[in-house]
There are 2 protein chains.
Amino acid sequence: MAVNTYDAAYDLEKAIRNSSEYTNLKNLYDAVNSDETARKMFESFRNIQMQLQEKQMMGQEISQEEVEQAQKTVALVQQHEKISQLMEAEQRMSMVIAELNQIIMKPLEELYGNPNQQ
Amino acid sequence: MAVNTYDAAYDLEKAIRNSSEYTNLKNLYDAVNSDETARKMFESFRNIQMQLQEKQMMGQEISQEEVEQAQKTVALVQQHEKISQLMEAEQRMSMVIAELNQIIMKPLEELYGNPNQQ
């Protein structure tokens, strides 16, 4: 049975790779990365985002200043067309991934219940 | 393309549901739940575990006493045959899920890289 599970996972991998959400994301990602200004802007945004997430995960306090700095960076990158398109594509992709995960995790959810469900 | 992605996810869901890892887990879970003593023991273990995880996620400190209490509970439930079998089955299942996730997330990993990889 285990083989079937992995086969099914590889099929899903292929389906994700061929999905419009993924190809769109990949194209926009490449477009941002081949544009020096956009790439640097996006990288610095990512770094700030990751630093805040790390702090949050470590239970460290995030200052008002850091929050404002992050909000400014978001506002800035969103004005860049390619980057804002990429961010939208990322959001659509992660919504798809979340939906796929919900489908796949149904069997386990049936056993343990879903704490996120009302 | 989106339809294919969801079809593939439903196929994987079915494969997981039919896998020996899942059916074994389900049988042991039912066995523990139909045994009053085992069920209560396992529930109290789960509660302690969840409380500690919540504290950790909220960045709250976990006292030495709480750690010891949790370790005692683990040692206790592991002596119960059905529960220890269930815990092993859970571990095997989550290893499978982790492997499946690694397969499915390959396309995104290729774009963003995997911070967990060396």
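Predicted model: local features only at pLDDT ≥ 70, side-chain atom pairs only at ≥ 80, totals over all residues.
The axis relates two chains.

## The contact between the chains

Chain B gives 29 residues to the contact, and chain A gives 29 residues. On the side of chain B that touches chain A, four helices each supply at least two residues: α1 (2-18), α2 (20-33), α5 (81-104) and α6 (106-112). The largest share comes from α1(B), with 14 residues.

What classes of residue make up this side of chain B? There are 18 nonpolar residues, six polar and five charged.

The copies meet through the same surface, because 100% of the interface residues of chain B are also interface residues in chain A.

## Helix α4 of chain A

Helix α4 of chain A covers residues 64-79, which makes 16 residues. From first C-alpha to last, α4 reaches 23 Å. That is close to the 22 Å expected at 1.5 Å a residue.

Why does α4(A) lie largely in the open? Of its 16 residues, the number buried is one, so α4(A) lies largely in the open. A residue counts as buried here if 20 or more other C-beta atoms lie within 10 Å of its own.

Terms used: Residues numbered from 1 in each chain as written. Chains lettered and ligands numbered in written order. Expected span 1.5 Å × (residues − 1). Buried ≥ 20, exposed ≤ 12 C-beta atoms within 10 Å, placed from the backbone. Contact = placed C-beta atoms within 7 Å. Nonpolar A, V, L, I, M, F, W, Y, C, P; charged D, E, K, R; others polar.
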